[in-house]
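Please look over the sequence and the structure shown here before reading on. The briefing is meant for someone who meets this molecule for the first time.

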Amino acid sequence: MSDPDLRDFFKGSNKAKKYNDDLKKKKKQQTQIHQSPITPFSPTTMPPPVLWEEPQPPIDVVKNGNWPEWEWMGETFRPYYAGNLWLNRTASHVYKAFLNRDTYEITSVKRLDVKIDADGKQYVENWVNKVLTKVYMDDALRAVYRTGLAPVKMTPIATQPTQINQAMKNPQIFNYQGIDYSFYHEGKFCVSRNGGLACWMHIDWSVSPATYDKPIPYNVKVGSDGRKFVSVKQSDGTWKDFDMAVAVAKTYLKEPTSPNMEVKFKDGNVGNCDADNLYWG
C-alpha cells in the first residue's frame, strides 16, 4: 500500500473512532438526564410535618357579607353566636375568642377540645349565658357554613356496663373504630395500642370486678417538638398535659429497668406512638 493510501486509511480510522466516542458520550449524557438519583429511605430524608400553630392575637377580622371572618394557616374562622365560639369549615379547630368591636380585632383566643358523645355526635363545652353548655358542631356548621357533620361511627358496646378483668396487667377495655384501648393508671385515662389516641371513660372501681361505660375520645394535640400530648382535667379542676408516647409505653411495655430511662422511637418519628415503635433507652 502506497503512502497516500496509508494516510487515507488512518485518517478514516481516526474519524470512525471519534464518531464512536462522540456517540457513546452523547448516549451517556442522555441517560444521566433521564435518570433521577435514588435516595435511600430514611426518616432524616422525610420532609418535616406541617404542625398546627395556635393563633396569637391580635388578629384582624374582616367582613364577608354578614359574617365577620379571620384567616389562620389557610383556614377561615366564623363566629357561631349561639355557642359563643369561632370555628372553621370542618369544625376541626374551635376557639373561644373575644372580638374587640372598636378595633375589629380578636384580642384573646382559647382553643376548645372537640369531644364525641355516646351517639357519635361531636361537641364542645362552653359557657353560654353563664351556663356550661354542650355546643354541637353539626348545629354550628349548619348555621355558619350551611354544612353539617355526620355522626362518628362507633363500635357498639354492651348496653349494660362491661366487666373489666382486673387480673390482666393491660386489659382491653373497649374497641373504638377497630382500635383497642387500655387504662393508663397514672393518668387515669385510656390510651390506644396503635395510633396515639386517648379516651376518657367512666369506670366504677367500687365494685369487683370493675365496670365501665360511655367512652369519650380526647383531642390529642401535637407540640412544637412534634410529640403528641393530651390535656386531661384533674380532680381539683386543673388541666395536666400527658406525653402520649410515655403513656403508651407505661401502659403496654415492661417497666424501665432504670429511672433515668426515656421513651425512644425505633423509626425516629416522635409522632409515632404505636406500642411496637417504642422502647426504653
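The notes that follow are grouped by topic, from the chain as a whole to single residues.

This is a predicted model, and its protein chain has three helices and 21 strands. Of the 281 residues of the protein chain, 33% count as buried. Among contacts in the protein chain between residues at least 6 apart in sequence, 42% join residues at least 24 apart.

**Nonpolar cores**

- The largest nonpolar core has 21 residues, and those with the most contacts inside it are F189, V191, V230, M244, V248 and L278.
- At least two residues of this core are supplied by each of β14 (189-192), β18 (228-233), α3 (244-252), β20 (263-265) and β21 (278-280), and α3 gives the most, with six residues.
- When residues up to four places away in sequence are not counted, V191 touches D180, Y181, S182, Y184, L197, A198, M244, A247, V248, T251 and Y252.

**The largest pocket**

- The largest pocket holds about 680 Å³ of space, and of the 20 residues that line this pocket, the closest to its centre are D113, K115, E125, K233 and W239.
- The lining of the largest pocket divides into ten nonpolar, two polar and eight charged residues.
- β7 (105-112), β9 (122-128), β16 (211-217) and β18 each supply at least two residues of the lining of the largest pocket, and the largest share, four residues, comes from β9.

**Strand pairing around β7**

- Strand β1 (residues 59-60) pairs with β7 in the antiparallel sense over two bridges, and in this pairing D60 stands opposite E105 in β7.
- Strand β6 (residues 94-100) is joined to β7 by seven bridges, and the two run antiparallel; here Y95 stands opposite R111 in β7.
- β6 and β7 form a hairpin with four residues between them, and Y104 in the turn has a positive phi of about 55 degrees.

**The sheet that contains β9**

- An open sheet of three strands has the order β8-β9-β10, with antiparallel pairing.
- β8 (115-116) and β10 (131-136) are the edge strands of this sheet, each pairing on one side only.
- Two bridges join β8 to β9, and I116 stands opposite Q122 in β9.

**The hairpin of β18 and β19**

- β18 and strand β19 (residues 239-243) run antiparallel and are joined by five bridges, with V230 standing opposite F242 in β19.
- Five residues lie between the strands of this hairpin, in which G237 takes a positive phi near 95 degrees.
- V230 is also among the residues with the most contacts inside the largest nonpolar core, while β18 supplies at least two residues of the lining of the largest pocket.

- E255 has its place in the loop between α3 and β20.
- Because its relative accessibility is 54%, E255 counts as exposed, the cut-off for this being over 50%.
- E255 and W280 are 25 residues apart along the chain, and their C-alpha atoms are separated by 8.5 Å.

Technical notes: Residues numbered from 1 in each chain as written. Predicted model: local features only at pLDDT ≥ 70, side-chain atom pairs only at ≥ 80, totals over all residues. Heavy atoms only, no water. Core = buried A, V, L, I, M, F, W, Y, C linked by side-chain atoms within 4.5 Å. Buried < 20%, exposed > 50% of the residue type's maximum accessible area, 1.4 Å probe, protein only. Contact = heavy atoms within 4.5 Å. 1 Å grid on protein atoms, 1.4 Å probe; cavity = no way out; pocket = protein on both sides within 12 Å on 5 of 7 lines; lining within 4 Å. Points joined across faces, edges and corners; volume = space filled by probe spheres on them. Nonpolar A, V, L, I, M, F, W, Y, C, P; charged D, E, K, R; others polar. Pairing = 2+ DSSP bridges.
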